[in-house]
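Let's walk through a protein fold together, one question at a time. Have a look at the sequence and the structure first.

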Amino acid sequence: MKVLFIGGTGNISTPCSRELLRRGVELVHLNRGSSIPDFPEGKVRSIHCDVNDEAALTQALEKESFDVVVDWIAFRPEQVLRDIRLFTGKTGQYIYISSASAYRKPPLQPVITESTPLINPYWDYSQLKILCERELFRAWEETGFPATVVRPSHTYGESWIISSFGSRDYTAAARMLEGRKIPVHGDGQSLWVLTHAEDFAVGFAGLVGNPNSLGEAYHITSDELLTWDRIHQLLASALGVEADIIHLPLDFIEQEAPEFGPGLRGDKSYSVIFDNSKIKAAVPDFHPRISYARGIRRSVEYLEAHPEKKIIDTEKDALMDRMISTYLQGFAGA
């Protein structure tokens, strides 16, 4: 197969690139060329272009056709509509990377299937993903545009450190190593699912070029359930320390740090249990094998070997301190 990734060098798409290369796929990346990972499994051909410049994109792809096109970076319906215009008649399958955060919030039942309604009144990121899906399924129903939708949940790779307040930096780990308090939303007991990107890649690769997946949506997640307290405790264990957790009510966080409110109220604050029957039926070799305890140890080991990637978000770190101080002062003054 000849497969085009729009994007392809991110947290999830990089392991997916490696998995497809291992399977002998001819892989092409379309991006700006600002990040070029090493793929020892095989060579990736690159097309460098600003994907938001439709005229330039049309010219760059004029003589190209692909068995499968995957868009990792479309977040708005106009971007999906552009893809439909560009790839109608030029691909046998178009895979859109959506988000499991699009499922109904607050949930009406604990177990989530692909038929769970897509309603998220709290987070514009999820709302836009829902609109993108609607455009694709409309195109599938009206013109036969060969769309498949994939909904990752919280998926992490070798350089991610998971916390209530973001996963793309080393801030939470640094606080733990310094013996400082680490804030966790709510009471820390809601259930969450963390999926290692290498496990996700197996399920994803099984959908690539799969004709039975056209017109369908799939979430691809681990089956492991963890409380948010346990997630932070396992990170601390991987670091060789203990987590000094302080629980902050969601209403308080929204008041003191409104930038984190939508992602918490619109996703992380609810217990989620994903029924993975559909992806397992479509891809029989999808069986998540990397527990979070093992995966976060790998992340810690990777960052120890690459200290230049231990990025600390100083603004977020200071914000955490301010929230904790304000909260404790409120208790003292009560």
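Before we start, one term: contact means heavy atoms within 4.5 Å. Keep in mind that this is a predicted model.

Q: At about what angle does helix H6 run to E12?
A: Helix H6 covers residues 197-207 and lies across E1, E4, E5, E7 and E12. Against E12, helix H6 runs at about 160°.

Q: Which strands are the edge strands of the open sheet?
A: The open sheet has seven strands, paired in parallel, in the order E3-E2-E1-E4-E5-E7-E12. An edge strand pairs on one side only, and that holds for E3 (45-48) and E12 (217-220). The edge strands are therefore, by the definition of pairing as at least two bridges, E3 and E12.

Q: Which residue in E2 stands opposite phenylalanine 5?
A: Strand E1 (residues 2-6) and strand E2 (residues 26-31) pair in the parallel sense over five bridges. Opposite phenylalanine 5 stands a residue of E2, histidine 29.

Q: Are H3 and H4 roughly parallel or roughly antiparallel to each other?
A: Helix H3 (residues 77-87) and helix H4 (residues 124-143) pack at an angle of about 25°, with axes 8 Å apart. Angles under 35 degrees count as roughly parallel. So H3 and H4 are roughly parallel.

Q: How many residues in the contact of H3 with H4 are charged?
A: H3 brings Pro77, Val80, Leu81 and Ile84, while H4 brings Leu128, Leu131, Cys132, Glu135, Leu136 and Ala139. Nine of these residues are nonpolar and none is polar. The number that are charged is one.

Conventions. Residues numbered from 1 in each chain as written. Predicted model: local features only at pLDDT ≥ 70, side-chain atom pairs only at ≥ 80, totals over all residues. Heavy atoms only, no water. Axes fitted to C-alpha atoms, helices over the stretch in contact; angles between N-to-C directions. Helix = DSSP H or I, 4+ residues; strand = E, 2+ residues; numbered from the N terminus. Parallel < 35°, antiparallel > 145°, perpendicular 65-115°, else oblique. Nonpolar A, V, L, I, M, F, W, Y, C, P; charged D, E, K, R; others polar.
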